[in-house]
Amino acid sequence: MMNGLTLATRIKLLLPECMIVFVTGYTEYAVEAFTVRASGYLVKPVDLDELRTELNYIASVQIQKQSQGIAGHEKGLFVQCFGTFDVFVQGSPMHFRRQKSKEIFAFLVDRKGASVTLSELASILWEDGMYDSSRNRQLHTFIHDLIEDFKGVNITDIICKSRNSISVNTGSFDCDYYEYFNGNTAAINAFTGEYMSQYSWAEITVAKLTTGMM
């Protein structure tokens, strides 16, 4: 009968990039496990936090590979939705001068190119639901700064804005969330249950992703 170490060795020969985590009741095989370049080694009974750490590590490696993989792509812009929301330009993290501007972009990415009214954006940014003239001015400032942030990295075609609505040009960047639905294996493996985790409104999409109702 083939044991786990032998199976892992054969898997690595066929799929060198495959990440393997051993889950076992034996501690004495840890050294052998890492000789086949295992990503992790968990001893039973498995602690939930340790398992989550291993899965998050695997997801982060996959996301990093994706972002590095597009470094020479003509788009040059990678949007990470799984885990925390972040944006990478030629593989380097993009700086947003305002966190609200970044959140606006995150929501537009979540909407996958659909237009969003300014009042809808306001309800996302300010959960108290108030949208007065002061909030309107702030919102226009956030949008202006978002557009300027992208201009600063020579990207001018990503935000589509009209008088009362705004959307994102989905063809101007690569995105793990979008690739997930395109059947990209790395993107599918990168999703471990977390999506734009810093934004509470993203929980609706998380529920849809985990139940397959997208």
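**Note on helices and sheets**

1. Val 206 has its place in helix α9 (residues 203-211); helices (H or I, at least four residues) and strands (E, at least two) are DSSP runs, numbered from the N terminus. The model is a predicted one, in which local features need pLDDT of at least 70 and side-chain atom pairs count only at pLDDT 80 or more, while totals for chains, interfaces and linings use all residues. Residues are numbered from 1 along each chain as its sequence is written, and side-chain values use heavy atoms, with hydrogens and water left out.

2. Is Val 206 buried or exposed? Val 206 is buried, its relative accessible area being 17%; buried means under 20% relative accessible area, exposed over 50%, and partly exposed in between (1.4 Å probe, protein chains only). Leaving aside neighbours within four places in sequence, Val 206 is in contact with Gly 193 and Tyr 195, where contact means heavy atoms within 4.5 Å. From C-alpha to C-alpha, Val 206 and Met 196 are 8.7 Å apart in space and 10 residues apart in sequence.

3. In α9 the buried residues are Thr 205, Val 206 and Leu 209. They cover an arc of only 105° around the axis, which puts them on the same side of α9; the arc is that of the directions from the helix axis to the C-beta atoms. Glu 203, Ile 204 and Thr 211 are exposed on the other side of α9. The cover over the buried residues of α9 includes α4 and α7 (176-181).

4. What is the strand order of the open sheet formed by 3 strands? The order is β6-β8-β7, and the pairing is antiparallel; two strands pair if DSSP finds at least two bridges between them. β6 (116-117) and β7 (159-161) stand at the edges with a single partner strand each, so one side of each is left without a neighbour in the sheet. Between β7 and strand β8 (residues 165-168) the antiparallel pairing runs over 3 bridges, and Ile 159 stands opposite Val 168 in β8.

5. Helix α4 (residues 99-110) packs on this sheet and touches β6, β7 and β8, its direction making about 70° with that of β8. Helix α6 (residues 133-151) lies across β7 and β8 and runs at about 140° to β7. For these values, axes are lines fitted to C-alpha atoms, for helices over the stretch in contact, and angles run from 0 to 180 degrees between N-to-C directions.

6. The α4 and α6 axes come within 8 Å and cross at roughly 80°. The two helices α4 and α6 are therefore roughly perpendicular to each other (angles under 35 degrees count as roughly parallel, over 145 as roughly antiparallel, 65 to 115 as roughly perpendicular and the rest as oblique). At their contact, Lys 100, Ser 101, Ile 104 and Phe 105 of α4 meet Leu 139, Phe 142, Ile 143, Asp 145, Leu 146, Asp 149 and Phe 150 of α6. The residues of the contact of α4 with α6 divide into 7 nonpolar, 1 polar and 3 charged; Ala, Val, Leu, Ile, Met, Phe, Trp, Tyr, Cys and Pro count as nonpolar, Asp, Glu, Lys and Arg as charged, and the others, Gly among them, as polar.

7. A further open sheet consists of 4 strands in the order β5-β4-β3-β9, with mixed pairing. Its edges are β5 (92-93) and β9 (174-175), each with a single partner strand, so one side of each is left without a neighbour in the sheet. Strand β3 (residues 77-80) and β9 pair in the parallel sense over 2 bridges, and the bridge partner of Phe 78 in β9 is Asp 174.

8. Strand β1 (residues 21-24) has Phe 22 and Thr 24 on a covered face, and Val 21 and Val 23 on an uncovered one. β1 pairs with strand β2 (residues 40-43) in the parallel sense over 4 bridges, with Thr 24 opposite Val 43 in β2.
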